[in-house]
Amino acid sequence: FASPVDISRRSLAQFVSTYHTKHHENSQSYREGGYMAIQKGNVLQQRFEVLGKLGWGEFSTVWLVHDRHFASPELAFLALKIAKCNPLVTATTKYEARLLQYIRDSGVVTVSDRTDQHAPTSIANICDVFDLSGPYGQHLCFTMPVYGSNLLCVIDQVKDKRSRRAEVFLNMTKDIITGVLRALATLESLNVLHTDLKPENVLCSLPDPNCVATVGEFLRGKESSVSAQFMRCFISHTAGEVDAVTAPVVTLADFCLALLLETEVSPNVKALGGRRDAKITVEMPGVLRNSHGILIQTREYRAPEVLLGLDYNCRTDVWSLGCMAFELITGQFLMDPKKKTRVEKEMDIEHIMMMMQLIGPVPARLFTPRATPNRRMRHQAKYFDEVGVFLYPERLQAYPRRQLATELETFMDQTEAHLAAQFILSCFTFDPFERHHASTLLNHAWLQRRGATSN
């Protein structure tokens, strides 16, 4: 019989295999300061043969390549990320590459005690970093193991509430959340704040079927036994079958906005060669002083400390995880202030009201003069008076207290809904220093409760 995690891995593979994104990169961006124009069959660095495009982002394109330097089948196929030829993008990509190297070299990201940098892990790995010369200048590149589609492949496809009620779907959702929590626990042990946790930045640790087909086409015509060996090794290694128990279901990616919360004098920062913005002050490991209102996180997953001006720590990512858990279960945003307004200032007010609707009023101890210096709201005046009275009481009346468990009963039985609601609410506090650690949430009763699934 397959293990529960392996069943989830197979279930996720079905979503990956049927997902087709309707979006494409802007073709006008293949120009000066933009993407590097390459095509199938190009050989880069006299080493990497391009087999096809895997995806794209605002600042880079990603390609499937065959690494001619590796004879080992499981190491021969990689994802190559090529940044735009732009100084700011280059600096950001270099920071991401160095941070991923720092995480990799820390030794905490391993699978079954493997230190092989090509092995699948819960945090995106990195292999090589180098520059490519294009017609308009240098493009910074790095190679990574091949991952699958992001979690939008699940959210976009499961529209039927009855399908969401299926035990196999709920178990898969729990395994996805468990995988992300493990990644966050690892990052917290290194004092790394991801800052942009959302479904688009969580990848399925499974090869895209189109990617596997491309590898098969590439190997077709070669000596049959070698071809079969390469395909078998590529699929099993990429799918995480090197260890069906500890190999991840999902992988956390996109660290270009992540922050290493170490002090300026820390050897870790010197080793990273890290980015330092004038607004960023790390006075103690694991804490980011938010004295200048540093804006992080995508709106729907944004934590209250970002809006209120509280200091950040690695548990700021845990708030985003709670929002993402609700979205995986229901297919809907937990909080979506964009539906109310597109004016940022007004959106902030709506967002705070949605938070209070979910977890109650902001604790009195956070208001001046009661708050301790490192727990003080620097943006209090935007929402509250000097004694903590909300400035828009008439608008707050439109936000009655939510009963999250009742909402979730549409998607699961009553017991499961109450446990799921408890888990999600455990991710939420107005004060990030009172929020649960990712490592603690891994032991939550909801994640431990497994329904029966068939092989």
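Because the model is predicted, local features need pLDDT of at least 70 and side-chain atom pairs count only at pLDDT 80 or more, whereas totals for chains, interfaces and linings use all residues. Residues are numbered from 1 along each chain as its sequence is written, and side-chain values use heavy atoms, with hydrogens and water left out.

We may start with the overall picture. The protein has 16 helices and 13 strands; helices (H or I, at least four residues) and strands (E, at least two) are DSSP runs, numbered from the N terminus. Of its 455 residues, 56% count as buried, where buried means under 20% relative accessible area, exposed over 50% and partly exposed in between (1.4 Å probe, protein chains only). The accessible surface comes to about 20,000 Å², and carbon and sulfur atoms hold 51% of this area; areas follow the Shrake-Rupley method with a 1.4 Å probe, and for residues only the protein chains shown count as cover.

Next comes the interior. A nonpolar core is taken as a set of buried Ala, Val, Leu, Ile, Met, Phe, Trp, Tyr and Cys residues joined through side-chain atoms within 4.5 Å. The largest such core has 97 residues, and Leu321 and Phe423 have the most contacts inside it. Helix 5 (residues 167-189) supplies the largest share of this core, with 11 residues. Leaving aside neighbours within four places in sequence, Phe423 touches Ile177, Leu181, Leu321, Ala325, Leu441, His444, Trp446 and Leu447. Another core of 14 residues lies apart from the largest one, and among its members are Ile38, Leu78, Leu80 and Cys141.

Turning to the sheets, two strands are said to pair if DSSP finds at least two bridges between them. Six strands form an open sheet in the order 1-2-3-4-6-5, with antiparallel pairing. Strand 1 and strand 5 (129-134) stand at its edges with a single partner strand each, so one side of each is left without a neighbour in the sheet. Strand 1 (residues 43-44) pairs with strand 2 (residues 48-56) over two bridges in the antiparallel sense; here Val43 stands opposite Glu49, and Leu44 opposite Phe48. These two strands form a hairpin with three residues between them, in which Gln45 takes a positive phi near 60 degrees. Strand 2 also pairs with strand 3 (residues 60-67), again in the antiparallel sense, over seven bridges. Three residues lie between strand 2 and strand 3 in their hairpin, and Phe48 has Asp67 of strand 3 as a bridge partner.

An open sheet of three strands has the order 11-12-13, with antiparallel pairing. Its edges are strand 11 (281-284) and strand 13 (312-313), each with a single partner strand, so one side of each lacks a neighbour in the sheet. Strand 12 (residues 287-289) and strand 13 run antiparallel and are joined by two bridges, with Val287 opposite Asn313.

Aromatic side chains complete the description. Rings of Phe, Tyr and Trp (its six-membered ring) pair if their centres lie within 6.5 Å; planes under 30 degrees apart count as stacked, over 60 as edge-to-face and the rest as tilted. By this rule the count comes to 11 aromatic pairs. Phe15 and Phe169 form an edge-to-face pair, at 6.5 Å centre to centre and with 70 degrees between the planes. Phe15 lies in helix 1 (residues 4-18) and Phe169 in helix 5, so their pair ties together parts that are 154 residues apart in sequence. Phe77 and Phe218 are likewise edge-to-face, with 6.0 Å between centres and 85 degrees between planes. Because Phe77 belongs to strand 4 (residues 77-83) and Phe218 to helix 6 (residues 209-219), this pair ties together parts 141 residues apart in sequence. Both Phe15 and Phe169 are buried, and so are Phe77 and Phe218.

Ring pairs also link Phe367, Tyr383, Phe384, Phe390 and Tyr392 into a cluster. Arg395 lies over the face of Tyr392, at 5.2 Å from the ring centre, while Arg402 lies over the face of Phe326, at 5.7 Å; a charge sits over a ring if NZ of Lys or CZ of Arg is within 6 Å of the ring centre and within 35 degrees of the ring normal.

Key. Contact = heavy atoms within 4.5 Å.
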